[in-house]
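Here is a briefing on one protein model.

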Amino acid sequence: MRKAKRPPARDILPVTPMDRRIAWGLLALILVSAAWLRMARPGTSPPGLNVDEAANAWNSYCLLKTGMDQHGVRFPIFRARMFGHIDNRSTLFLYFAMPFLAWRGLSIESIRMAGAVAGLLSIFFMYYVGSRLFGRATGLVAAALLTLNPWHLQQTRWGHEASLTPLLITLPLAALLWAGLPLGDETRPALPPPSWWRSLLAGMICGICCYGYPPVRIFLPLLIVATMAVNWRVWFACDKRALANREPNVGWMALAALAAGFAAFFLPLAWKQLVDPEMSARANQLWAWRPNASLAGKVGSVIARYPPHFGPDFLFTRGDSNPWITPPEGYGTLLWYTLPMMIAGVAAIAVAWKKSRAARLLALAVLLYPPGDVLNYHTGPNSLRSLPGVCALMLLAAWGTTQLVSWVAAKSRAAGWILGGATAIVVLAMSIVFLDDFFGAFNRQASVWSSFNVDMVRAFEWLRPRYAGADAVFCTSGNLPHPYIYAMVGLDYDP
């Protein structure tokens, strides 16, 4: 008798398949809600304008109008030099923001719309990744959790280049799944063999995404390599039993195309990082270790920065202490309702680890999210450099929730409905309380006003209609970094 195929991860517990039309309808509702939360009142939450997003707006506008950044570099690719020779920024966000600046001009609303749209796209691709790995119900729950997540919401409501990070994580994973590469647990009848051209395109997307915020350059290649390593039999077609059972395998053509597409974009970036000292000039001032530390001391400093990324202080009570990126007072990067959800997700991974590639991928994504941050000093985990973790943690919570509800429903259908409904009520109630603070008291925090220079922004709003009649304008404010960059944006200066 032929041995039955092992069920995929999405069927480890009995789940009634969700109708595609219902799923798309619910996803549309989630995306509309996400758009409102990220685009409503664009000059608030946070109020004012941060110096980094002002620099992004000005340099993106210069590229749009002149083809050069503010220092006259024509279409920079590897780095954009903004404030001095060591202040090197990733360039991908500058090009991503250009259509919004072309549409609405140089303004706070334009640069923040770029971050908001990036956030919306990441929510859509989160649904795609979650549904392909664990089923449509998990995909929808993951998209909903990401929509309401304080960390994701705050970082996609301003014009910092880090706002692109969730998109640069979910898009490559979606591309790899679309190419038919074996990240999940779909068997051969449900999954066509990976084609070389889809694999090539997926590799190119992964390589291009590494031109975003620097932590992506560490996390994304590390995740792909680790996933291939723990599933090496399938990726390199070495498991004859898997082939006999028609399990997916990559094939050398698709694997070579994937590697070629990735290398075409990633290797020039890696080479530039090695040969151009200024690429790492800013990072060299922020290493986690002391200047004269031994190798053991450096390793110890890096390891010491790893555990706090999973601690309650960063995740639930305080978040990032940096006033530029601190959450509303009394909140962390996640809300407390996600804790039992993530615990259920860890339990689901433990049950499914041996038989589920999707579970192993999720575990690796959670465990590997801090390396983009642990190399640099900060008072605690840095919420910008740690942003790859928001997608992994929300997918962990989503899968844990759907698995737990399914397990309870298998015992008692009524109990499953009660648990699911109670979970939804708790999520909405706690999210409403947070949103009230985020769109209310957060805008009055002294640290936020200082970091986003609200008074300076309002001064330029007052000055703008009067500027043409002035001989000169003097800024007498102290302790304000690069006041000219606010003038460029606030006065809609012509490059």
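I30 sits in helix α1. Helices here are DSSP runs of H or I with at least four residues, strands are runs of E with at least two, and both are numbered from the N terminus. The model is predicted: local features need pLDDT of at least 70, side-chain atom pairs count only at pLDDT 80 or more, and totals for chains, interfaces and linings use all residues. Residues are numbered from 1 along each chain as its sequence is written, and side-chain values use heavy atoms, with hydrogens and water left out.

- I30 counts as buried because its relative accessibility is 14%. Buried means under 20% relative accessible area, exposed means over 50%, and partly exposed lies in between, with a 1.4 Å probe and protein chains only.
- Leaving aside neighbours within four places in sequence, I30 is in contact (heavy atoms within 4.5 Å) with I123, L140, A143, A144 and T147.
- I30 and L148 are 118 residues apart in sequence, yet their C-alpha atoms are 9.7 Å apart in space.

**Q154**

- Q154 belongs to helix α6, residues 150-155.
- Its relative accessibility is 8%, so Q154 is buried.
- Beyond its neighbours within four places in sequence, Q154 is in contact with I325, T326, P327, P328, F438 and F442.

**Backbone features in loops**

- The peptide bond from S45 to P46 is cis, with omega near 10°.
- P46 lies in the loop between α1 (20-39) and α2 (51-66). S45 is also found in the loop between α1 and α2.
- S45 is not a glycine, but has a positive phi of about 50°.
- S45 is buried, because its relative accessible area is 0%.
- H482 is not a glycine either, and has a positive phi of about 50°.
- H482 is found in the loop between α22 (454-463) and α23 (483-490).
- With a relative accessible area of 31%, H482 is partly exposed.

**Helix α19**

- Helix α19 covers residues 388-411.
- How far apart are the end C-alpha atoms of helix α19? They are 36 Å apart, which agrees with the 34 Å that its 24 residues should span at 1.5 Å a residue. The expected span is 1.5 Å times one less than the number of residues.
- α19 is mostly covered, with 19 of its 24 residues buried.

**Whole protein**

- The protein has 23 helices and 2 strands.
- Its radius of gyration is 24 Å, close to the 23 Å from the globule rule for 495 residues, so the protein is as compact as a globular protein of that length. The radius is taken over C-alpha atoms, and the rule is 2.2 Å times the number of residues to the power 0.38.
- The C-alpha trace spans about 90 × 50 × 50 Å along its principal axes.
- Of the 495 residues, 54% are buried.
- Among contacts with a separation of 6 or more, 76% are between residues 24 or more positions apart.

**Surface and charge**

- The accessible surface comes to about 22,400 Å², and 66% of it belongs to carbon and sulfur atoms. Areas come from the Shrake-Rupley method with a 1.4 Å probe; for residues, only the protein chains shown count as cover.
- There are 43 positive and 25 negative side chains, and the centres of the two sets lie 13 Å apart.
- Lys and Arg count as positive, Asp and Glu as negative; His and the chain ends are not counted. Each charge is placed at NZ of Lys, CZ of Arg, CG of Asp or CD of Glu.
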